[in-house]
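Visitor: I would like to go through this model with a few questions. Please show it first.

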Amino acid sequence: MRITIRQTEDVEEIKKLDLACFPTDQREDFSDQEMWLATVDDEPVGFTAYKLEGGVPTITRMGVVPQARGMRLQVRFAHVAAQAARRAGFALIKTYVRADNLASLRNLIRAGFVPVKTWVEETSAAWFINLEKVLTKKA
Ligand SMILES: CC(C)(COP(=O)(O)OP(=O)(O)OC[C@H]1O[C@@H](n2cnc3c(N)ncnc32)[C@H](O)[C@@H]1OP(=O)(O)O)[C@@H](O)C(=O)NCCC(=O)NCCS
């Protein structure tokens, strides 16, 4: 099995994966985002993306299609995004997760993100957690 994660500008491929991984979420506009695609044996299986929010790279999505879950791809996505942000000269990277998404929360903490704030989304009444990672030379 050959796993690759590479940066991509293929918005259509990312949108397909986004729909497969987040079928009930509001659709994300990826046109202004840095994006990475994961493949297993050349088949697209997952993606991540960040955009600048207030000048800080903020990961908007990390998704793995159900058939390819369990290989810690999310942790790899978090490292890839953090490394790219550090190389681009940023000192911090942010993201957020629904507070009940324990698999994702655990993976982000494994990748060095630290919870910094909780908040409630008004429309869904769901709790979210904001996380940050300080980018050092070893990120
Ligand atoms: C969250 C998500 C990205 C994690 O994917 P991943 O990196 O493949 O997940 P992991 O390899 O860490 O596995 C997650 C857990 O499922 C378990 N698992 C193992 N095989 C699995 C399989 N075939 N299917 C699902 N889960 C499996 C893992 O053991 C792990 O549990 P653990 O933390 O107790 O060890 C993925 O579940 C997903 O896309 N979910 C929908 C979108 C989402 O919630 N994204 C994150 C918020 S932005």
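Visitor: Which residues are the closest to the ligand?

Guide: This is a predicted model. The ligand is surrounded by 18 residues. Two or more of these residues come from each of β4 (56-64), α2 and α3. The closest ones are Val 64, Arg 69, Gly 70, Gln 74 and Ser 104.

Visitor: How many residues of the shell around the ligand are nonpolar, how many polar and how many charged?

Guide: The shell is sorted by residue class, with Gly counted as polar. In the shell around the ligand the classes number eight nonpolar, six polar and four charged residues.

Visitor: What span should helix α2 have, and what is the distance between its end C-alpha atoms?

Guide: Helix α2 covers residues 73-87, which is 15 residues.

Visitor: Which residues of α2 are buried?

Guide: A residue counts as buried if 20 or more other C-beta atoms lie within 10 Å of its own. An α-helix has 3.6 residues a turn, so residues three or four places apart point the same way. The buried residues of α2 are Leu 73, Gln 74, Phe 77, Ala 78, Ala 81, Ala 82, Ala 85 and Arg 86.

Visitor: Which residue with a positive phi follows α2?

Guide: The phi in question is near 100°. The residue is Gly 89.

Visitor: Is Phe 113 buried or exposed?

Guide: Phe 113 sits in the loop between α3 (102-110) and β6 (114-120). Its contacts beyond four places in sequence are Ala 78, Thr 95, Leu 108, Leu 131, Glu 132 and Lys 133. Because Phe 113 has 24 C-beta neighbours inside 10 Å, it counts as buried.

Visitor: How many Å apart in space are Phe 113 and Lys 133?

Guide: In sequence, Phe 113 and Lys 133 are 20 residues apart. From C-alpha to C-alpha, their distance is 4.6 Å.

Visitor: In what order do the elements of the protein chain run?

Guide: The protein chain has three helices and seven strands. Read from the N terminus on, the order is β-α-β-β-β-α-β-α-β-β.

Visitor: What is the radius of gyration of the protein chain, and what would a compact globule have?

Guide: The C-alpha trace spans about 40 × 35 × 30 Å along its principal axes. Of the 139 residues in the protein chain, 29% are buried. A compact globule with 139 residues would have a radius of gyration near 14 Å, and the protein chain agrees, at 14 Å.

Methods: Residues are numbered from 1 along each chain as its sequence is written. This is a predicted model: local features need pLDDT of at least 70, side-chain atom pairs count only at pLDDT 80 or more; totals for chains, interfaces and linings use all residues. Helices (H or I, at least four residues) and strands (E, at least two) are DSSP runs, numbered from the N terminus. A residue is buried if 20 or more other C-beta atoms lie within 10 Å of its own, exposed if 12 or fewer, and partly exposed in between; C-beta atoms are placed from the backbone. Two residues are in contact if their C-beta atoms, placed from the backbone, lie within 7 Å. The radius of gyration is taken over C-alpha atoms; the globule rule is 2.2 Å times the number of residues to the power 0.38. The expected span of a helix is 1.5 Å times one less than its number of residues. A residue is near a molecule or strand if its C-beta atom, placed from the backbone, lies within 6 Å of it.
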